[in-house]
Amino acid sequence: MTDSSPLPRVFSSDNTAGASPEIAEAVARAATGAALPYGTDDLTARVRTRLGEIFEREVDVLIVSSGTAANGLSLATLTPPWGSVLCHRDSHINNDECGAPEFFTAGAKLVPLGGADAKIDPAQLRAAVRHRSGDVHSVVPSVVSVTQATETGAVLTPDELGVLSDITREGGLRLHMDGARFAGAVSALDASPADLTWRAGVDLLSFGATKNGTMTADAIVVFDRSLTPELSFRTKRGGQITAKSRFHAAQLDAYLADGLWLRNAERANAMAARLQDGLAEIPGIELLGETAANIVFCRLPQQVTEKLLADGFVFYHDRWEPGVVRLVTSFATTRDDVDDLLRAATDAASTGGA
């Protein structure tokens, strides 16, 4: 017996999407023949070359299975156990990684800071980098972690990154970037990946791909290559150097080939813009914050939320505060998906949910 019920229209997260066909085909090709293990295969070398070209300099690359691993291992390399990680209070490392950064760092403390659109406020950062620095009774400010794009869908411009980087360097700290949606930020800003990372002072980048088309592969891109030996040992010790690493490398190789990573991000961003523009025309719906990438926050009347859920749309609601909804698009989101949601929201708003 088959289930004939319609598939849910999912706007809860971009990690609910499948994989790009090019990536699935690359994994199938990697399943034939033999290859050297533990990251010594030709595909891994090609990924390193591709990322070097994208970032306009030689980089080291460690392929991992999740963004959580990329963040935790990067922060552990930059932070002693008695150190602290300065981050935004809404950052993924602070709210959504179950203490993984503290686990990988053997106890370093996360110090959350404020700022609009999930961007760290420069004045708060300037105070935090010097707060009780050198006091043996306190954790030592060690690293600043920024998110690109942010958890609200905003993006940090090169100038904004430069301000945060200058404060970080003046305080003698390192700079990490959680780039789970890095491709979306590059697309939204039409900026050079180099200008958004190492030219702005970033030491390590958690290069996200699973939200944008790969299956199980993210990466750590190392700009300060003096960090590579320690990071390599930590990655192995953390169980992230896999024997048949070619399967992860095949995903990233296809992801980076022929601009697929940017095309996917452009589509996700375009669908979010279409969604945002449509919601702005519906009476009673209030858009919240800056949307530059593929995340839209809004406040919906209760009857609209209830109607959308009843119609099979899946999204987060009331998680942040009553009435607030997060809608996320992906490379797999279609115009029909967006327009169906907008029609349902318009009907609910005009009829009171009846």
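Modeller: Let us begin with the term cavity: on a 1 Å grid over the protein atoms alone, a cavity is a set of points where a 1.4 Å probe fits but cannot get out, and lining residues have an atom within 4 Å of a point. Grid points are joined across faces, edges and corners, and a volume is the space filled by probe spheres set on the points. This is a predicted model, in which local features need pLDDT of at least 70 and side-chain atom pairs count only at pLDDT 80 or more, while totals for chains, interfaces and linings use all residues. Residues are numbered from 1 along each chain as its sequence is written, and side-chain values use heavy atoms, without hydrogens and water.

Biologist: How many cavities of 30 Å³ or more does the structure hold, and what is the volume of the largest cavity?

Modeller: There are two cavities of 30 Å³ or more, and the largest has a volume of about 110 Å³. Its lining consists of 16 residues, with Asp14, Arg181, Gly184, Asn212 and Asn294 nearest the centre. Helices α8 (182–189) and α11 (260–280) are the elements that give two or more residues to this lining; helices (H or I, at least four residues) and strands (E, at least two) are DSSP runs, numbered from the N terminus.

Biologist: Which residues line the second largest cavity?

Modeller: Among them are His88, Lys119, Val146 and Leu164. This cavity contains about 50 Å³ of space, and strand β5 (residues 140–147) supplies the largest share of its lining, three residues.

Biologist: Why is Met177 called buried?

Modeller: Buried means under 20% relative accessible area, exposed over 50%, and partly exposed in between (1.4 Å probe, protein chains only). Met177 has a relative accessible area of 0%, and is therefore buried. Its place is in strand β6 (residues 174–179).

Biologist: What makes Thr197 count as buried?

Modeller: Thr197 has 0% relative accessibility, so the term buried applies. Thr197 is found in the loop between α8 and β7 (204–207).

Biologist: Which residues are in contact with Thr197, leaving aside its neighbours within four places in sequence?

Modeller: Contact means heavy atoms within 4.5 Å. With those neighbours left aside, Thr197 is in contact with Phe55, Met177, Phe182, Val202, Leu205 and Phe223.

Note on methods:
1 Å grid on protein atoms, 1.4 Å probe; cavity = no way out; pocket = protein on both sides within 12 Å on 5 of 7 lines; lining within 4 Å.
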